Amino acid sequence: MTSGNLAEQKASSSASAPRLPYGPLAGIAAGVLGLGVAELIAALAGGASPLLALGDRVIDLTPRWLKEAAVATFGTADKPILLACVGLVTLALLGVAGALAVRRPILGAGMLVLLGAIDIAALLADRAGNGTTGIVAIVIGLAVGITALILLTRPLRDTDSPPTEAEAPDGFDRRRFLVAAAAVTAVGAAGGVGAKVVAGRRLPATRVAIPAAVSPAAPLPAGAELRIDGLTPHLTPVDDFYRIDIALLTPRVDVADYRLKIHGLVDDPVELTYEDLLAMPLYERRVTICCVSNEVGGDLIGNATWTGVRIRDVLKRAGLSPDADAVKSTGADGITIGTPLEALTDGRDSLLAIAQDGEPLTRDHGFPVRMVVPGLYGYVSATKWLTELEVTRFADFRAYWTDRGWSAEGPIKTECRIDLPGDDVMPGERTIAGVAWAQHRGVSKVEVRIDDGPWQPATLAAEDSIDTWRQWTYRWDATEGEHRIQARAYDRTGTPQTADEAPPAPDGATGYPTRTVNVG
């Protein structure tokens, strides 16, 4: 190799080296533009969001242990964190696409096509069946993104043309590139914002008039609410009520178009409108519902006043086959849940709820209709945005959560929680307090022990009903030092909360709630 050729090679290498770090920026800008275009087109056409469809698919494919870890760590913030992670991974892959495109445009374009294909696969698996329009949007967004990628990376590739006065010594105008990349990114972001605006304008109204219940909830007994600072209130405010579901975007259901289909092993299939449900006798009941992901002493539980139609009345309209032992319910988010038929027909007030604490359900909590079944964990009973009830047999179907290793039937276990005292207190008489629950069996007593000492009876608040939790308190003479407090509840059969420790999967966590307190 001559010295001239060697010099040319070094010059070419030094010219391209400063350009390579800009490749990932080009890939990210082009990807944001393509995704923004796709999101806007999907929103305008009323289709599924490509980004949310991808997030939904990630949720579906996430191993059970990882889901439990996410809920335990982040609680109800698990979905925003999931979306953030999906976004960060997507940006990283777009950066790789840009780096590849600097050397070989076809490789960068191929990476974008691969990412688009993954999103199309997610749309095809859309639980709610709304992915077709999103696929068309992704194809258009891909074409826009690939075009932007090729144009943005063109000045980053080696050329033999001499630099102009406006260019840097290596022939690359960095300022022009950064302005172009920023403009492309801004247009893509504007498309994403526009998609949200369009979707927001299509939100159906949730303000509907709820008729008076033919059977209102009984007055709250005196002494059922202890009103102690720091103690969980007997009724959980709607804004504080836990929300655990698989919906990244709350389904938007218009009551004008709402239909509830009851079919399967029935004599006469029935289809009910929202107005049909309002015209039926409404029942108002206070019921505590709980998520199976709740750790011992956790907060994925709440108590509310629910108003709705008794499920047994709806099923009676259709006529039940004697062969049936389950109901498979479906929500507008694509969830499927299996519920023992006995729990819906045995006399407990299982409801198709349309109101929570006297107001129509909020979108986050299932508007317009959700299920509330006393005594069962939500994963087998609390279907939100309810659209379908199929009377069937457990042997003939698999539901969303049972497909992921959870038990087919989920009776709520006897549990309690310690709310007070805090981690650090002064010596003297202190209040230990919390709530206990054994839905549809009722709580008969709660006991407390300090530092592995003898179990001592706590004082129970008045019982509201066997379907709601009970507050409890215990007066403790706190002495200086570190102390361990434990509690246990008993149901009305006399069965105590078990000391055996177990994780939430597959049918609910067990063990004693424990709190370490420093006194001094």
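This report describes a helix pair, a sheet and some backbone details in a predicted model.

## A pair of helices

Helix H6, which covers residues 105–124, packs with helix H7, residues 132–153, at an angle of about 165°, and their axes lie 10 Å apart. Because angles over 145 degrees count as roughly antiparallel, H6 and H7 are roughly antiparallel to each other. The crossing in which H6 passes H7 is right-handed.

Among the residues of H6 that meet H7 are Gly-108, Leu-112, Gly-116 and Ile-120, while the residues on the H7 side include Ile-135, Ile-138, Leu-142 and Gly-145. Sorted by class, the contact of H6 with H7 has twelve nonpolar, four polar and one charged residues.

## An open sheet

Four strands, in the order E11-E13-E17-E16, form an open sheet in which the pairing is antiparallel. Its edge strands are E11 (415–420) and E16 (459–460), each of which pairs on one side only. Between E11 and E13 (residues 428–437) the antiparallel pairing runs over five bridges, and Cys-416 stands opposite Ala-436 in E13.

## Backbone details in the loops

Most residues other than glycine have a negative phi, and most peptide bonds are trans. The peptide bond from Phe-367 to Pro-368, however, is cis, with omega near 10°, and Pro-368 is placed in the loop between strands E8 and E9. A cis bond also leads from Leu-420 to Pro-421, with omega near 5°, and Pro-421 is found in the loop between E11 and E12.

Trp-385, in the loop between E9 and E10, has a positive phi near 55°, and this residue counts as buried because its relative accessibility is 1%, where buried means under 20%. Asp-452, in the loop between E14 and E15, has a positive phi near 60°.

Notes:
Residues numbered from 1 in each chain as written. Predicted model: local features only at pLDDT ≥ 70, side-chain atom pairs only at ≥ 80, totals over all residues. Heavy atoms only, no water. Axes fitted to C-alpha atoms, helices over the stretch in contact; angles between N-to-C directions. Helix = DSSP H or I, 4+ residues; strand = E, 2+ residues; numbered from the N terminus. Parallel < 35°, antiparallel > 145°, perpendicular 65-115°, else oblique. Left-handed = near helix turned anticlockwise from the far one by under 90°. Contact = heavy atoms within 4.5 Å. Nonpolar A, V, L, I, M, F, W, Y, C, P; charged D, E, K, R; others polar. Pairing = 2+ DSSP bridges. Buried < 20%, exposed > 50% of the residue type's maximum accessible area, 1.4 Å probe, protein only.
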